[in-house]
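Have the structure open as you read.

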Amino acid sequence: MEETRLGRRAKRPTFSNRLRERILASRPAVLITGIIAAVSLIVGGGYTAAQQILPTPEVTAALDERPTAASRQFQREALEGVERVKITVIIDGDAASYEVPKLSLAEALADVGIVVGPFDEINVPLATTAREGMEVNITRNASGTLTEEKITEFDTIEEPDPSLPAGQREVVSEGQEGIVRTAFMVYTSAGEETRRDELASVVVQEAEDRVVRVGTGPGGSGGRPPTPGEIPTDNFPPVSPGSAQEIAQKLLPSYGWDDSQFTCLQTLWQRESGWNYRATNPSTGAYGIPQALPGSKMASAGADWRTNPATQIKWGLGYIRGRYATPCGALNFFHAHSWY
């Protein structure tokens with residue numbers, strides 16, 4: 001029968017076993033919304049990612065969390081007496097030097113609080129023993145969902161009405177813009193988006209036409225007004241872009257904006273129409289300085305919307321205030337989507 005040794009004669013655990021017990025006892029467990037990840041430290045074996053469920057944009061931040069001061073203290077006590085080497089770690093292009101224990105790269109990185117996540121890329125296997133002068137490149141990768149909304153413009157329907165004097169217009173129902181919401185799975189590498197896949201798209205709000213009755217009866221000014229898309233371009237008094245910009249700048253205070261917003265407005269409408277009140281988009285039919293679609297929307301600001309830059313500008317400023325709060329807000333949206 002094998003003799004059981006007690007006290008001073010008892011068999012002492014090896015240094016490797018003591019190190020393993022101390023590190024495993026102090027490892028952190030992280031629970032985050034959208035991902036469950038378990039990471040185990042095995043001496044000489046590196047990290048093992050157990051499972052992931054629905055990664056979200058919070059993943060990157062969670063993976064960068066450092067172990068607690070207490071756990072680092074436990075690990076450092078366990079690693080006393082282990083030879084240390086200097087390595088360089090480059091994370092997403094940012095380099096830093098560390099003095100780490102000459103153990104597996106997984107243990108060496110853990111010693112200085114660096115965690116390699118399940119989506120990350122690394123140029124050296126984690127089971128490799130850290131050595132003097134080693135250069136480790138880590139690229140942080142993540143994925144998560146992103147939702148975007150797209151506005152669909154409503155159309156204006158004009159209905160002839162003999163009960164109204166010719167030329168008189170009466171709004172029957174205001175139009176309503178449609179909203180389409182689309183969800184994407186977005187993939188990032190080194191903080192930059194590399195790919196996105198559409199997951200689902202749903203119509204949140206249906207577009208509803210704006211209905212206007214147009215008088216055709218006796219009285220009034222006679223004749224019928226031009227219909228949307230039938231926009232005359234001759235015999236208009238010339239209005240320079242500079243004059244139109246002066247009109248807009250004078251109107252800004254009445255919308256609660258100072259001159260700092262004019263630079264954004266100037267850039268936005270220069271790209272949209274060149275500040276030309278007769279500008280027409282041949283593809284969509286958008287018209288005027290603010291490129292209203294359809295142009296007849298601007299009738300709410302005045303019946304002379306086809307020929308009067310001031311009427312177009314008033315409508316455009318009202319549209320910007322209602323949807324984006326300020327011209328700079330509209331310009332930011334334009335930069336991101338190429339429309340506003």
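**The whole thing**

Keep in mind that this is a predicted model. The protein has eight helices and 14 strands. Of its 340 residues, 37% count as buried. Take the contacts between residues at least 6 apart in sequence: 60% of them join residues at least 24 apart.

**How α6 and α8 meet**

Go to helix α6, residues 260-273, and helix α8, residues 327-337. Their axes come within 8 Å and cross at roughly 40°. That angle is why α6 and α8 are described as oblique to each other. As for handedness, the crossing of these two helices is left-handed.

Who makes the contact? On the α6 side you'll find Ser 260, Gln 261, Cys 264, Leu 265, Thr 267, Leu 268, Arg 271 and Glu 272. From α8 come Pro 327, Cys 328, Ala 330, Leu 331, Phe 334 and His 335. Sorted by class, the contact of α6 with α8 has eight nonpolar residues, four polar ones and two charged ones.

**The disulfide**

How many disulfides does a search of the whole structure find? The search turns up one. In general terms, such a link is a covalent bond between the sulfur atoms of two cysteines. Here the partners are Cys 264 and Cys 328, with their sulfur atoms 2.1 Å apart. The link of Cys 264 and Cys 328 is right-handed, with 85° about the S-S bond. Since Cys 264 sits in helix α6 and Cys 328 in helix α8, the pair ties together parts that are 64 residues apart in sequence. And are the two cysteines buried or exposed? Both Cys 264 and Cys 328 are buried.

Asn 332 counts as exposed because its relative accessibility is 54%, and the cut-off for exposed is over 50%. The C-alpha atoms of Asn 332 and Leu 268 are separated by 9.3 Å, and these two residues are 64 apart along the chain.

As background, most residues other than glycine have a negative phi, and most peptide bonds are trans. These spots go the other way:

| Residue or bond | Backbone value |
|---|---|
| Gln 291 | phi near 55° |
| Leu 293 to Pro 294 | omega near -5° (cis) |
| Ser 338 | phi near 65° |

Gln 291 is found in the loop between α6 and α7, and Pro 294 has its place in the loop between α6 and α7 too. With a relative accessibility of 12%, Gln 291 counts as buried.

Ala 325 lies in the loop between α7 and α8. Its relative accessible area is 44%, so Ala 325 is partly exposed. At the other end, α8 is followed by Ser 338, with its positive phi.

Technical notes
Residues are numbered from 1 along each chain as its sequence is written. This is a predicted model: local features need pLDDT of at least 70, side-chain atom pairs count only at pLDDT 80 or more; totals for chains, interfaces and linings use all residues. Side-chain values use heavy atoms; hydrogens and water are left out. Axes are lines fitted to C-alpha atoms, for helices over the stretch in contact, and angles run from 0 to 180 degrees between N-to-C directions. Helices (H or I, at least four residues) and strands (E, at least two) are DSSP runs, numbered from the N terminus. Angles under 35 degrees count as roughly parallel, over 145 as roughly antiparallel, 65 to 115 as roughly perpendicular and the rest as oblique. A crossing is left-handed if the near helix is turned anticlockwise from the far one by less than a right angle, and right-handed if clockwise. Contact means heavy atoms within 4.5 Å. Ala, Val, Leu, Ile, Met, Phe, Trp, Tyr, Cys and Pro count as nonpolar, Asp, Glu, Lys and Arg as charged, and the others, Gly among them, as polar. A disulfide is a pair of cysteine sulfur atoms within 2.5 Å. Buried means under 20% relative accessible area, exposed over 50%, partly exposed in between (1.4 Å probe, protein chains only).
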